[in-house]
Structures are given as C-alpha cells and as structure tokens.
Amino acid sequence: MLLWAVNLCAQGIKTDINLEATNLDDIQQQAVSQLATDISYYIENTQWTFEDLPTDFLIQGTIYLDSYTESGYQKIYTGKAFWGNGDDQKYFDKSWQFAFNQGDAITQSRSFNSLTSFLDYWVLTILAGDFDTWSQFGGSQMYADALRIARMGTGDSFSLGWKERLEDIEKLSRNQNYRKMKFAYYEAIDQWDAGNKKEARAPLDAFISNLETSIKRQESRIFTQNFLNAKYVEVGDFLYEVGDLSYLQRLMRLDEDHREHYEKILADW
C-alpha cells in the first residue's frame, strides 16, 4: 500500500490526513506524494472563523485517488474520501473530481476551486458540528459558508458530487433537533460537573427530548446514530451518575444498537 500520512498541529486545528494512491501509476503517485502534507498545512494555517477557538479541534481525512486523466494543461483526479472529527462526526464522500498539478500552491479563495473548495466544505462542516456543542447553533455561520460553497460547486465544471454535498449540508444545518441535542448534552455535563445538579436537569431533559425526535427523523437518523455510536458508553455512565432511572430507560428504547450495554448498567442500578 502506498499511503502518505501527516499528523500536525497549530493554531487550534489538528489534522490527521491520509492519502492513498495505489490505483495511480508510479509517475502520478509521485506527483501527489506531498499532497497530504500540503492539505494538512492548508487546513491548519487557514483562519476558519473570526472567533477564538475554544479548544483544539481535530480534522481527520482519508482520501483515496481512484483515477487520473489529462485535459490540456490540467491533470484531473477522481476519488473518494472519509472525513470526521475522531469522535461523533463521520462522513463518506463517494465521488470527487479535482484538478491538481505537482507544485501547485494550495491557497484559499472566495471563488470556487475544485481542490480547496472541497477541503473548505468538509472542514467547515466538521467545525460547525463541533461549534454546535459549545453554544446552541454555534456552528450556523460555518454551515452557511459550507452551503455557499456547495451551491457554487453544483454549477462548476467540476460538479461531481456537489449535488449530494449540497443536500447533506442542508440536512445538517436545518436539523434543529439534532443540533440542539448535542448542545444540551454537553451543557448538562458542564452543569453537573460544576456541581449545579439542579441546573443540569433542564439541559438533560432537552437532550433526551431532542434525541427522541432526531433519531426518528429520516434526515437526521444517521447523524444521531453516529453520535450514539461514539458516545453510548459516556452517556450511559453519565446517566448512571445522575441516578434517574427514567433517563436510561428512555435512552434504551431509542438506542437498540447499544441496548446490551444499557442493560448491564441497569443490572448494577
């Protein structure tokens, strides 16, 4: 396997970017051999928000290059990618096309670019999801920026996959129950850990209530399930510490995939 990986950190953004190009010939593998490093540097050294970052954020990406063609002076690649934050956000992008010549500088632009706009879209999407956990709808501006990029992409000559990205970002940004659920969860934990046991009850109620709605909705079910897949142990332990059996019983009805784990907690109640 030919796999380049880079793990760097700066300015509050950490990256873990991998690039696999085994489907390309030796010459083209060499042409993209520094691309993972360049992408990491670009992500970590771009200002994504005018706000101060409240903590370090992780952007993970694994890019698979499937094919290569030439059109005039342009070298055009097609591929797919997995993106995430190393936690509850996991996305698979199944079709992407971009132009890249060895030695090209990767720089941000307000106009559409088949490479950097793709990177911008996914970084903004992931950061928006993380910012939603720090304040209610805190990621709204980033979602709006990702939405703008996706709309430009649908009208560009490199439009492969952009219709689907537009649909996905619309689902994410407008799904208020899913977004409120995440903020309420972290708010409940913050209040509880600060010793504000009574104040933690309102966000905990909001968490369970919005979880119930979000997991039943077709548009948000997969995002909600990814959250539970990442958090079910932590959520179960937290509810056990809170000591209210009804919360765990409601969660167990909603999250059949992890029912066995919740039953073990109930057995120790």
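**Entry 1: helices H6 and H8**

I began with helix H6 (residues 176–193) and helix H8 (residues 221–242), whose axes come within 12 Å and cross at roughly 25 degrees. I note that the model is predicted. Angles under 35 degrees count as roughly parallel. I therefore recorded H6 and H8 as roughly parallel to each other. I then looked up the hand of the crossing and found that H6 passes H8 in a left-handed crossing.

**Entry 2: residues at the helix contact**

I next listed the residues through which the two helices meet. On the H6 side I found Tyr-178, Met-181, Lys-182, Tyr-185, Tyr-186, Ala-188, Ile-189 and Trp-192. On the H8 side I found Phe-223, Thr-224, Phe-227, Lys-231, Glu-234, Val-235, Phe-238, Glu-241 and Val-242. Sorted by class, the contact of H6 with H8 holds 12 nonpolar, one polar and four charged residues.

**Entry 3: strands E2 and E3**

I turned to the strands. I found that strand E2 (residues 13–20) and strand E3 (residues 57–71) run parallel and are joined by eight bridges.

**Entry 4: strands E3 and E4**

I then followed E3 to strand E4 (residues 74–84). These two strands run antiparallel, and 11 bridges join them. For a reference pair I took Gly-61, whose bridge partner in E4 is Trp-83. I also examined the turn: E3 and E4 form a hairpin with two residues between them. In that turn I noted Gly-72, which has a positive phi of about 65 degrees.

Methods. Residues are numbered from 1 along each chain as its sequence is written. This is a predicted model: local features need pLDDT of at least 70, side-chain atom pairs count only at pLDDT 80 or more; totals for chains, interfaces and linings use all residues. Side-chain values use heavy atoms; hydrogens and water are left out. Axes are lines fitted to C-alpha atoms, for helices over the stretch in contact, and angles run from 0 to 180 degrees between N-to-C directions. Helices (H or I, at least four residues) and strands (E, at least two) are DSSP runs, numbered from the N terminus. Angles under 35 degrees count as roughly parallel, over 145 as roughly antiparallel, 65 to 115 as roughly perpendicular and the rest as oblique. A crossing is left-handed if the near helix is turned anticlockwise from the far one by less than a right angle, and right-handed if clockwise. Contact means heavy atoms within 4.5 Å. Ala, Val, Leu, Ile, Met, Phe, Trp, Tyr, Cys and Pro count as nonpolar, Asp, Glu, Lys and Arg as charged, and the others, Gly among them, as polar. Two strands pair if DSSP finds at least two bridges between them.
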